[in-house]
Amino acid sequence: MLILGLSAYYHDSAAALVRDGEIVAAAQEERFSRIKHDARFPGDALRYCLAEGHVQPSDLDYAVFYEKPFLKFDRLFETYMAFAPRGFTSFATALPLWLTEKLFQKSMLVRELRRVAPTSLVDWDERLLFSEHHLSHAASAFFPSPFERAAVLTMDGVGEWTTTSVAVGAGNELKVHKEVQFPHSLGLLYSAFTYYTGFKVNSGEYKVMGLAPYGEPRYAQRIRDHLIDIREDGSFRLDMQYFNYCTGLTMTSERFHELFEGPPRQPETRLTQRDMDLAASIQVVTEEVVSNLARNVASETGERDLCLAGGVALNCVANGRLLRERTFDRIWIQPAAGDAGGAVGAALAVCHLTKGQPRRVPWPDGMRGSFLGPQYCQEDIETRLTAAKATFTVLSEDELIDRCARALAGGKALGWHQGRMEFGPRALGGRSIVGDPRSPTMQKTLNLKIKYRESFRPFAPSVLSEHVNKWFDLDQDSPYMLLVADVHEEKRMAMSDTERALFGIDRLNIPRSAIPAVTHVDYSARIQTVHRETNPRYYALIERFNALTGCPVLVNTSFNVRGEPIVCTPEDAFRCFMGTELDMLAVGNCLLDKADQEPSLAARYERSFGLD
Ligand SMILES: [Fe+2]
């Protein structure tokens, strides 16, 4: 049975192809269109998925959309009624868009699907199905997990009505036990603070999480006292007087601004200690809510293992805390936890729940390391790079690994484009920029000269899986960079009293460990364990770097500049390489040195992308 999953029209459109319960391909539209968080119909991602699976549109049994448009319209309408006349502004703004596009989403989807296969005689009116938003998230969390049975927790901003759901998965079944509904939403609460601290909603949440360790949670009690009522049963309610997302076009209300003594920070202005304290405060409260929910889920369901998805599951600091609290024996998190992953979940939900197809429990999981996107053969890479006027050397795998590892040990920054592209927001060694984590200047160089992004933002380590517990306080796999743990005590450096007294970002430049480029100011790190089975070439690179330096860790950040989607093709990689201060680039078996390239091909191209 062949099922196509689709998510679109909100943010992060994506397509996924599932064959007999196995995920064959999945990709976000932004990687092809080069527009970050592209929300349009994922036509290119869909065409890629069909090509990857050698499938014609007429071979598809079903196409399934990741949410139910009518239920979503129902929420908008009822919210308007509940808050009328105050809600009229937001309703009147949303209505024309909903009437012309979203309410007629089915016919729009059918039209788009027909465009992909103009000659085939598929009756899409019959083959197009809809899954509920949180059921799509839950299915994406449970079915690809390595568990026969597990509790499933999904948390995000909002889908149709639901903002949080608890389900239990067993075999090929998945049953929802309870839900929290709009407007009470942990994701929207976090987004309110994202907006208030001057970042973009739906993409800047990651920055708030990265900013939190620079601050003190001195507003946490105020949040608990006024904004959110955290209940014994794990649920929560927000006091809507402080928020504007039901009635206006901003996240926070005047009353919120009074409570925190000031207006929202203007984007791109200087960050102050207050912003960092606000970030620390919302982070702490979010962790409390998640941990309280998880404890309730454990006692109510009696399950030993937990699966997570929904945008809030990308909060790897909260995930790390869940793990340390040992409420569950094991935790598995869908790497594409946001709405892109809904495409995979929707397809799996139809496969197992609607059609009753059996489920084989996958090992190590069903996501193949999240390497579900396009790859390019060596011949194709050479043709493409030649056409782009690149100068490169073709090496054997062994020579390539050796030259790259030596360059990294010598302090060079390397672009690494290998195998299939990752599905989900993180680069995991398929489309990555890598560097030496021991270098005290690497964080600054990567942030300011290569990624052109804010200097406070931390970088993540990739560590060989066998070595993780010697370098970090973590003794389990974290293949998708979704768990935060501290750098191991033995690898830390003590701070002097004067250094400890420094506030906020001033603390950034003090070397805090043997791997300062990936050690955050509170000694934490967002860890990716690298496994030989799912990522052999990246594993070999780190292994060789370890042989040269005694350090089985690399800095790993996504291959893009600020505001740009992660690179997809060899040409994208070459353009980013030439437009930044990257020193070397490895694409397949081709190695490129910046010094050998034609200087006129260099362009300051970071300006071609809007700020994220
Ligand atoms: Fe969602």
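Tutor: Let us start with histidine 133, which has its place in helix α7 (residues 133-142), and keep in mind throughout that this is a predicted model.

Student: Is histidine 133 buried or exposed?

Tutor: The general idea is to compare the relative accessible area with a cut-off, since buried means under 20%. Histidine 133 has a relative accessible area of 1%, and is therefore buried.

Student: Which side chains make polar contacts with histidine 133?

Tutor: The side chain of glutamate 67 is joined to that of histidine 133 by a polar contact of 2.7 Å, and the side chain of aspartate 339 by one of 3.2 Å. Leaving aside residues up to four places away in sequence, histidine 133 touches Tyr66, Glu67, Asp156, Val158, Gly159, Glu160 and Asp339.

Student: How many residues of helix α8 are buried?

Tutor: In α8 (residues 186-196), 10 of the 11 residues are buried, so the helix is largely enclosed by the rest of the structure. Among the buried residues are Leu186, Leu189, Tyr190, Phe193 and Tyr196. At the start of α8, a side-chain oxygen of serine 185 comes to within 3.4 Å of the backbone nitrogen of glycine 187, and just after the helix glycine 198 adopts a positive phi of about 90°.

Student: Now for a pair of helices: at what angle do α16 and α20 pack?

Tutor: An α-helix has 3.6 residues a turn, so residues three or four places apart point the same way. Here α16 (residues 397-409) and α20 (residues 536-549) pack at about 50°, with their axes 9 Å apart, and the two helices are therefore oblique to each other. The crossing of α16 past α20 is right-handed. Residues of α16 in this contact include Leu400, Ile401, Cys404 and Leu408, and those of α20 include Leu541, Arg544, Phe545 and Leu548.

Student: Turning to sheets, what is the strand order in the open sheet of five strands?

Tutor: That sheet has the order β3-β2-β1-β4-β5, and its pairing is mixed. At its edges stand β3 (22-28) and β5 (128-130), each with a single partner strand, so one side of each is left without a neighbour in the sheet. On average, and with direction ignored, neighbouring strands here are turned by 20° against each other. Strand β4 (residues 62-65) pairs with β5 in the parallel sense over three bridges, and the bridge partner of valine 64 is leucine 129 in β5.

Student: Which helices lie on this sheet?

Tutor: Helix α5 (residues 105-116) lies across β1 (2-7), β4 and β5, running at about 140° to β5. Helix α14 also packs on the sheet, where it touches β1, β2 (14-19), β3, β4 and β5, and its direction makes about 140° with that of β1.

Student: And what is the order of the sheet with nine strands?

Tutor: The nine strands form an open, mixed sheet in the order β13-β21-β20-β14-β15-β19-β16-β18-β17. Its edge strands are β13 (393-394) and β17 (483-486), each of which pairs on one side only. Helix α21 (residues 570-579) packs on this sheet, touching β14 (414-417), β20 (584-587) and β21, with its direction at about 175° to that of β20.

Student: Where do the side chains of β20 point?

Tutor: In a regular strand the side chains alternate between the two faces of the sheet. In β20, Met584 and Ala586 lie on one side and Leu585 and Val587 on the other, and since all of them are buried, both faces are covered.

Student: How does β20 pair with β14 and with β21?

Tutor: With β14 the pairing is parallel over four bridges, and histidine 417 has valine 587 in β20 as its bridge partner. With β21 the pairing is antiparallel, again over four bridges, and methionine 584 has aspartate 593 in β21 as its bridge partner. β20 and β21 form a hairpin with two residues between them, and glycine 588 in the turn has a positive phi of about 55°.

How values were computed: Residues numbered from 1 in each chain as written. Predicted model: local features only at pLDDT ≥ 70, side-chain atom pairs only at ≥ 80, totals over all residues. Heavy atoms only, no water. Pairing = 2+ DSSP bridges. Contact = heavy atoms within 4.5 Å. Axes fitted to C-alpha atoms, helices over the stretch in contact; angles between N-to-C directions. Buried < 20%, exposed > 50% of the residue type's maximum accessible area, 1.4 Å probe, protein only. Polar contact = N/O pair within 3.5 Å; in protein donor to acceptor, adjacent residues only side chain to side chain. Parallel < 35°, antiparallel > 145°, perpendicular 65-115°, else oblique. Left-handed = near helix turned anticlockwise from the far one by under 90°.
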